[in-house]
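Hi there,

Here is the structure I promised to pass on. Have a look at it first, and my notes follow below.

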Amino acid sequence: MKKFPHLIAPSILSADFGNLNATIDLINSSQADWFHVDVMDGMFVPNISFGFPVMEALQRRATKPLDVHLMIEGPERYVEKFRALGAHVITVHYEACRHLHRVIHQIKETGALAGVAINPHTPVSLLTDILADVDLILVMSVNPGFGGQKFIYQSIPKITELRQMCMERNLFPFIEVDGGIGPHNAERVLQAGANVLVAGNAVLGADDPKAVVQTLKAIGQEGFKSMSV
């Protein structure tokens, strides 16, 4: 399997929201590449995370791109607002969009990178007709809604299948994986074809978050080149 550059995107879902600025500063000063921002509405997923006030805080203080993952119903209602609040990447769920092609192009028209996410039960083959339109594909390796879940290892062959589908079409979107990622499984995920790793508890729950980011960056680093938005 060909290797691709990989980025690390700590998820602020695992942040200490009583001291959010400290978490933002920590990620700013680490080797992380993006902030991963999980927005949940309590309808598409059984949890409510945060919305515009947290995005405003991130926009003011973050020095790295904001990778916004909308786990919400009707995401097209808020695309322009999240872009205005600094989102560099906006990802919507295949399962939440009645008119996915329209929403993807709505995102692209704002100037943000457009992503589509799939839940663990959703086959990658359903993305065939949208592959050429997206900048990023997010493979959920846990059921969305809560941090701290265990990695679903059936995600590994899905990542491989997805990367192969893209390469056959000469397409090279970011392939991002979210859920249960840490130093114990990052190499397998990268070898399968991913190039963006979202890590929440593994980074922000660690005694030394910067060291964990450094470890994740180092895994499989040889032969990789840097990549940014």
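Let me start with the strands. Strand β7 (residues 174–178) pairs with β8 in the parallel sense over three bridges; strands count as paired if DSSP finds at least two bridges between them. Helices (H or I, at least four residues) and strands (E, at least two) are DSSP runs, numbered from the N terminus. Before going on, please note that this is a predicted model, in which local features need pLDDT of at least 70 and side-chain atom pairs count only at pLDDT 80 or more, while totals for chains, interfaces and linings use all residues. Residues are numbered from 1 along each chain as its sequence is written, and side-chain values use heavy atoms, with hydrogens and water left out.

Within that pairing, Val177 has Leu197 as its bridge partner in β8. Strand β1 (residues 7–10) also runs parallel to β8, joined to it by four bridges, and here Ile8 stands opposite Leu197. Along β8 (residues 196–199), Val196 and Val198 point one way, Leu197 and Ala199 point the other way, and all are buried. Buried means under 20% relative accessible area, exposed over 50%, and partly exposed in between (1.4 Å probe, protein chains only). Together with helix α6 (residues 186–192), β7 and β8 make a right-handed β-α-β unit; right-handed means that, with the strands pointing away from the viewer, the path from the first strand over the helix to the second runs clockwise.

Next, helix α2 (residues 52–61). Its buried residues are Val54, Met55, Ala57 and Leu58. Seen down the axis of α2, these fall within an arc of 160°, so they line one face of the helix; the arc is that of the directions from the helix axis to the C-beta atoms. Pro53 and Arg60, on the other side of α2, are exposed. The buried residues pack against α1 (20–28), β2 (35–40), β3 (66–71), α3 (79–84) and β4 (87–93), where contact means heavy atoms within 4.5 Å.

On to charges. The whole structure holds four salt bridges, each a side-chain nitrogen of Lys or Arg within 4 Å of a carboxyl oxygen of Asp or Glu. One of them joins Arg61 and Asp25, with the closest N and O atoms 2.8 Å apart. This pair links distant parts of the chain, with Arg61 in helix α2 and Asp25 in helix α1, 36 residues apart. Another is formed by Lys108 and Asp135, at 3.3 Å between the closest N and O atoms. Lys108 lies in helix α4 (residues 100–110) and Asp135 in the loop between β5 (113–118) and β6 (136–140), so this pair ties together parts that are 27 residues apart in sequence.

Finally, the rings. There are five aromatic pairs, counted for rings of Phe, Tyr and Trp (its six-membered ring) with centres within 6.5 Å; planes under 30 degrees apart count as stacked, over 60 as edge-to-face and the rest as tilted. Among them, Trp34 and Phe174 form an edge-to-face pair, 5.2 Å centre to centre with 70° between the planes. Trp34 lies in the loop between α1 and β2 and Phe174 in strand β7, so the pair ties together parts that are 140 residues apart in sequence. Both Trp34 and Phe174 are buried. The rings of Phe52 and Phe82 have centres 5.1 Å apart and planes at 50°, so that pair is tilted.
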